[in-house]
Amino acid sequence: MKRMSIAEALREGIAEEMARDEAVFCIGEDISVPGGWGGAFTVTLGLEKLFPDRMIDTPIAEAGFFGVSVGAAVMGMRPIADVQYGDFLLCAMDQIHSNASMLRYMSGGTVKVPMVMRAPVGATGRGAQHARSTERFFVGTPGIKVVAVSTAYDAKGMLKAAVRDDNPVMIFEHKLLYGSKGARAESGAVDATSEIPEGDYTVPLDKAAVRREGSDVTIIGWLLMAHLAASAAESLAAEGVEADVIDARSLSPFDYDTIGASVRKTGRVVIVEEGPKTGGVSAELAAGIAERFSDSLKAPVVRVASPDVPVPFAPVLENAYRPDPPRIIAAVHGLMR
Amino acid sequence: MGTDTIKKYEKEFLLGLYERMFLIREFEEQVKFLFLEGVMPGTIHQCQGQEATAVGVCTALNNDDFITSTHRPHGHALAKGVSPESMLIELFGGVTGCCKGKGGSMHIGDVDKGMLPAIAIVGGGIPLATGMGLAFKMKKTPQVVATFFGDGATSEGAFHEGINMAAIWDLPVVFVCENNFYGASTHVNKVTRLKCIADRAAGYGIRGETVDGNDVLAVYEAAQTAVQECRDGKGPVLLELETYRITGHSRRDACQYQPKEERERWKNNEPIGAFGRVLVTRDDVDEGDLEAIRSQVEQTVVSAIKVGRSAPEPTVADLLTDVYA
Ligand SMILES: Cc1ncc(C[n+]2csc(CCOP(=O)(O)OP(=O)(O)O)c2C)c(N)n1
Ligand SMILES: [Mg+2]
């Protein structure tokens, strides 16, 4: 066992998968430049020393290298494509949406696209274009599996499961959870370290995680919001309200077994999402819960999300944009009334 | 930068170039300090060492000409006439900043000064410039747009698509590539087989030119020619300005991917010192003139920082405004 940050756990997971399977390679901008940073958040730092031929630094060309990844995957390689910020997935959107996600289906099941895509998201003082929570654009894209990792343990296990999966898997990571060190450290970072066991393990791509148990209300979040939901739940416990906290973790498909078991127990649901409320991931999740478990619901599902605006720069505005424990607690109070 | 060239121009014009370059340097150095001190929020990409590209190009533009910029926009903004106060307020997240605190460092701009808020998606500003040029042509105005981007941006599809459309429609766009030899940590030689970026112009059937981007007068003259060609309907033009950032890519970058010897060489050739050394070869300029300019600029920046630090913050109600026109 050793304590690791998400950045370190991902790095170890990638290294182990590359050692295990020669078809696995990393591709992206600034991922393995000597004297560089190992990608924007240090995840691939130093891997070029272990795998000099399988760490591919690209030009700044997201549509290009995501397309390259799809092509290589179709031919039997297992690329791990890295964007520096989740916002730049949109530059590659056509390759991801039109090609990666559909080739399997269009080919009548004759082609497979075993690629992993990694994208950091979240508002972190950088202004509107380096801040979006882009998972909303990929949930609801048939053919792609979408996960969001909020602990180092999950990060390593899900990365390994994603590499071994025969489908395109998008892994969302949060800038404030990486635990990047040195010059790449983030202010406002939240501790997401875990004890990482020795040896190989994977975490399934389609299972939510129950982070805390309680019988009064279910609070669902992912990435940073899973942490804030847990901290809100601690405050609620002090006033006698016991919350189930679920880290949704698997965003496509959702794990309605785990979520459903909680909803049946509590009958009350708050979903917390960083990102505009309209058309967000929580909209789909709320609808899915309502369709499946309306008999158990004591009140309509409540969402705590960002307002329908781009991410602002000024710290006061950004803090107001990002859901926080007081807003989660207020939503629970509203439900318990 | 010859002592002959320097004699062609009025003293005031030349000292103006020096002053604007030094304003950029001083602004960036003070902002760097404020960041490292931790009093300024966010992240920054700075342009120390690249002052001649911004000043040389923007000096060749009229007030109603436009520029687009990048994640590294402070120099472009100052050179185009955006006020240091309104920028510092913005950097501190103040509501009276040039983007009301909503943009921040990477989206600095002021349309009244002819600068679109900077686009931080690499290459993203290039097609916008083509569209602005299209508007000028359709509206039959004599305006020109200069679009700044880095060597790294020339690998993006947006570069190819934007420049090609400007070429086929003869649009008044000066494509200004600030080749500082690195896109983040990646050397330009790793991302193109071409010896120089200006060679790409041939692929679009337009004129391209490589210029010493640390020579403010060379940049100015090349930009002036390009701007005139655009106004005459013979545009677009691709200018490659060779320069170097003598600071990190972003905050706290130690630049370990750059050879020390290379960094030193460029530091010794940074554009402000180089220009100053040539300026004082004129009979009517001495070190005292330059010193006076520098201390006056330092005062300007000090008082702008004061304004920036004490500017009022937005209120939470401001979060919801400005989404739609
Ligand atoms: C589409 C996109 N991809 C990646 C980035 C991350 N990024 C920011 S600056 C930069 C390097 C840009 O290099 P260059 O165009 O040469 O400009 P310079 O930084 O040298 O001024 C990168 C990769 C980005 N902002 N946008
Ligand atoms: Mg560059």
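In this predicted model, the C-alpha centres of domain 1 and domain 2 of chain A are 26 Å apart. The domain assignment places residues 2-196 of chain A in domain 1 and residues 209-336 in domain 2. Where the two domains of chain A meet, 32 residues of domain 1 are in contact with 26 residues of domain 2.

The extent of this meeting can also be expressed as an area. The size of an interface is often given as the accessible area lost when the parts come together. Between domain 1 and domain 2 of chain A, about 2,200 Å² is buried, and carbon and sulfur atoms give 58% of that area. On the side of domain 1, the residues that lose the most area to domain 2 are A:Ala123, A:Arg136 and A:Ala148, which together account for 27% of what that side buries.

Polar and charged pairs also cross from one domain of chain A to the other. The interface of domain 1 and domain 2 of chain A holds 2 salt bridges, while 17 residue pairs are counted in polar contact between these domains, with both residues at pLDDT 80 or more. A:Asp154 forms a salt bridge with A:Arg249, and the closest N and O atoms of that pair are 3.1 Å apart. The elements of chain A that give two or more residues to the side of domain 1 touching domain 2 are strand 6 (145-148), helix 6 (152-164) and strand 7 (169-174). Of that side, strand 6 of chain A supplies the largest share, with 4 residues. Sorted by class, the residues on the side of domain 1 of chain A that touches domain 2 are 16 nonpolar, 9 polar and 7 charged.

Over all chains, the structure holds 42 salt bridges. One of them joins A:Arg132 to A:Asp87, with the closest N and O atoms 2.8 Å apart. This pair links distant parts of the chain, since A:Arg132 lies in the loop between strand 5 (116-121) and strand 6 of chain A, whereas A:Asp87 lies in the loop between strand 4 (78-82) and helix 4 (93-100) of chain A, 45 residues apart.

The remaining interface to follow here is that of chain A and chain B. The contact involves 39 residues from chain A and 40 residues from chain B, and the area buried between these chains is about 3,000 Å², with carbon and sulfur atoms giving 63%. Across the interface of chain A and chain B there are 2 salt bridges. A:Asp57 forms a salt bridge with B:Lys190, in which the closest N and O atoms are 3.3 Å apart. Between chain A and chain B, 12 residue pairs are counted in polar contact, with both residues at pLDDT 80 or more. Helix 10 (residues 315-321) of chain A gives the most to the side of chain A that touches chain B, contributing 5 residues. By class, that side of chain A has 23 nonpolar, 8 polar and 8 charged residues.

Methods. Residues are numbered from 1 along each chain as its sequence is written. Chains are lettered from A and ligands numbered from 1 in the order in which they are written. This is a predicted model: local features need pLDDT of at least 70, side-chain atom pairs count only at pLDDT 80 or more; totals for chains, interfaces and linings use all residues. Side-chain values use heavy atoms; hydrogens and water are left out. Domain bounds come from an automatic or database domain assignment. Contact means heavy atoms within 4.5 Å. Buried area is the accessible area (1.4 Å probe) that two parts lose on being put together, summed over both. A salt bridge is a side-chain nitrogen of Lys or Arg within 4 Å of a carboxyl oxygen of Asp or Glu. A polar contact is a pair of N or O atoms within 3.5 Å; within protein, one must be able to donate a hydrogen and the other to accept it, and residues adjacent in sequence count only if both atoms are side-chain atoms. Ala, Val, Leu, Ile, Met, Phe, Trp, Tyr, Cys and Pro count as nonpolar, Asp, Glu, Lys and Arg as charged, and the others, Gly among them, as polar.
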